[in-house]
Amino acid sequence: MPNPDTTPEPGRLPFEFTGEGSEYFRIAVVNLLLSIVTLGIYSAWARVRTLNYFYGNTRVAGSTFSFLASPIAILKGRLLVVGVLVGFTVLGNLVSPWFLAAFVVVLIAGLPWLVVRAARFRAVNTAWRNVRFNFHGTMGGAARSFLLWPIVALLTAWILHPLELRAQRKYLISGHGYGTSRFTFDAEPGPFFGAFFGSVGIAIVAFVAALLVLAAVSLVMVAIFIGSGGEDGLLGGSSDPGPFTTVIGQVVGIGSVAFSALAAQSWFQSRMFNITYRASRLGKHGFEANMTAPGFFRIASVNLVLIVLTLGLFFPFAQVRLARYKAECLALCPLGSLDDFVAEETARAGAFGDEAAAALDLNLGF
Amino acid sequence: MIEIRGNWFDGRSSRQTPATLRVAGSGDCSLHVGDRVYRGRIRDWSVSPRLGDTPRRLTLATGEALETTDNHAVDRMLAEVGERSGGHRRHAVLHMLENRWGTVVLMVAATALLAWLFVSYAMPALSQGLADAIPGEFIQGSDAQSLAMLDGLFFEDSRLDQARQDGLRERLLAATPDLYLPVNIEFRRGGNVVGANALALHGGTILFTDELVELAGNDEQLQTIYGHELGHLQHRHALRRVIQNSLINAVLIFVLGDASGIPDLVGGEVFGLADLAWTRELEREADDYALAYMREHDLAPQHFADALKRLECSHRTEPGDDYASEEFLACLDEEPGWEDDDFQWTFYLSTHPATSERIERFTTSPTDPSRARP
């Protein structure tokens, strides 16, 4: 291990992910089984173990990350979220749908609070070199970027959606701190438009291509069907092409639509990854990111196919592959020593926000 | 004496200093950071659990930490100094489970088995238990909203004349036993989507479509269908469904909270199929109730069999506007057992038990009460 006291920091320190799919698979299976056996209680511990596996295998400048949250806090948050969800669903279905409407209103009004709590919980429980991260974002900022901007985007038929993305990234990243140092985020709007509308364009082109493939396959299928003695053929009453051809048709159909979506996603994800990290700084230190759309597509498409073929068993391997690829695409560009960050006294945040965010699938990807 | 090499972090800055912890079998330990030496007892350190091959943290209560990649040395040290607290033993068991492919294969199998048991037994039982626990007063009349929604989505106002509606309603309500909530009868035009059908909502509403009323050969047939729907109501089937759907969502979030991709990929299909199988079970229960109801009200079960047959034939043929087309009448004359292989196969994917099976049951059971409740 390099000794930073004597070796000067080189100009570019790549991130590295050292986890193994086969190792994480075993951890994930144990997590799942124990979660089921304990009726979900263990899921809080499972979450801590999962995050720690990914944090502990992510290394930069010779040090890994750690996730320090208490599983008990996560369990409480999870119970609360499930209780609220079940309560409102049952009331909404059995007594009056107004309860569901009320729930949605409460949810929207509470969104800024959820965003702040979720980001804060995750940040203060993440440490690198035994110094914790923190989140200083305000509720007002969260309301602006997660309530106001989506409304603006909606009113402009998503033309301004890239500005919404930019506002949210800016809010989340510049709200974060490491020790007493702060992150900053400085990005031009242009690349966000490129990321979003590029992916829309790819989606359209890929979808048309998928339809053409589908049409071609259908023609071939019809030809095979007629050729193989479908004597009633197109004119007679029986138009059932048989289960085998139907299945092939469905696989090709679903597959081509899935791959067009994945192509658009690959463009969007890789652009956003690069924009986000390149625009971020921690104090005077910068980041370098060079993810490519084909690179992301390669990883994600293999993941998708293998997850489907293995009925989900490949899922842990897929997570590891993606984490490894993301780490490969990222580097820290330090300006000066990384030894001088000073820890901050922080209050712990409750788990409710974090779990609520997880349960409602708020994407706070950072 | 065991040596653990790693990096020392004081918790106040991000400075990283190589350090060595030497632990003796007695539990005494010494930490060497640069040329300084700190002495203490190993029990004052908390050791993070083994997790794959991720680095371990040995932390002091004051916040300083030694981080090491030498998992082997840490495990040996814990074994040697007899650090056998409950926590460490639990974590050792976890790591053992996670580390052996043999146990992992068993656990995959166990997970699949448990998931299946859960979906096909635990979930229905739990939902039924909850549904039975809800008092009738709490939900009676709560159908107004569901009905408004169904009206918006599928139904049009009934085109049956008022006298027909009132007469039928009176006849059916007069033949209604005491249930756990009052029954309310509604008529609607089903249109192309719903067609001839009857349904029981959870708050006590039983709805007939015009098409079903027109299809039925006589009012006795309608009354036997009413008995079937009463069965759904009395067994609280709609309620059970609502609860089960809420529960499934809650459970997926709770148990699979950190594997959120899996339920999307496989969960949906599995739950969907289980739901269908379970729905057939509900239909059988409602049929049982209907048989008992018919005996109570001196209705020949043949009426129900006839109604089912007419329903089936209306789907298989072009029945004509007044259910008098030749094709339809010919279908009615066919013996049960006409279903071809295709139909048998779709039975597994259909919500109702095979119709021929049901027709047969109601055709053969009238005189023998022992067959009425299997």
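Which residues of H11(A) are buried? They are A:Phe315, A:Pro316, A:Ala318, A:Val320, A:Ala323, A:Tyr325 and A:Ala327. This is a predicted model, in which local features need pLDDT of at least 70, side-chain atom pairs count only at pLDDT 80 or more, and totals for chains, interfaces and linings use all residues. Residues are numbered from 1 along each chain as its sequence is written, chains are lettered from A, and side-chain values use heavy atoms, without hydrogens and water.

**View 1. Helix H11 of chain A.** Helix H11 covers residues 315–328 of chain A. Helices here are DSSP runs of H or I with at least four residues, strands are E runs of at least two, and both are numbered from the N terminus. The 14 residues should span 20 Å at 1.5 Å a residue, and the end C-alpha atoms are 20 Å apart, so the two agree. The expected span is 1.5 Å times one less than the number of residues. Buried means under 20% relative accessible area, exposed over 50%, and partly exposed in between (1.4 Å probe, protein chains only).

**View 2. The contact of chain A with chain B.** Chain A gives 66 residues and chain B gives 56 residues. Contact means heavy atoms within 4.5 Å. The two chains bury about 5,200 Å² between them, 66% of it on carbon and sulfur atoms. That area is the accessible area (1.4 Å probe) lost when the two parts are put together, summed over both.

View 3. The rule finds one salt bridge between chain A and chain B. A:Arg49 pairs with B:Glu98, and their closest N and O atoms are 3.0 Å apart. A salt bridge needs a side-chain nitrogen of Lys or Arg within 4 Å of a carboxyl oxygen of Asp or Glu. On the side of chain A that touches chain B, the elements giving two or more residues are H1 (21–37), H2 (43–56), S4 (63–67) and H3 (71–94). H1(A) gives the most, with 13 residues.

**View 4. B:His235 and its surroundings.** B:His235 sits in the loop between helix H9 (219–234) and helix H10 (237–255) of chain B. B:His235 counts as partly exposed because its relative accessibility is 28%. Not counting residues up to four places away in sequence, B:His235 touches B:Gln128, B:Glu285 and B:Tyr289. B:Leu179 is 56 residues from B:His235 in sequence, yet 9.8 Å away in space, C-alpha to C-alpha.
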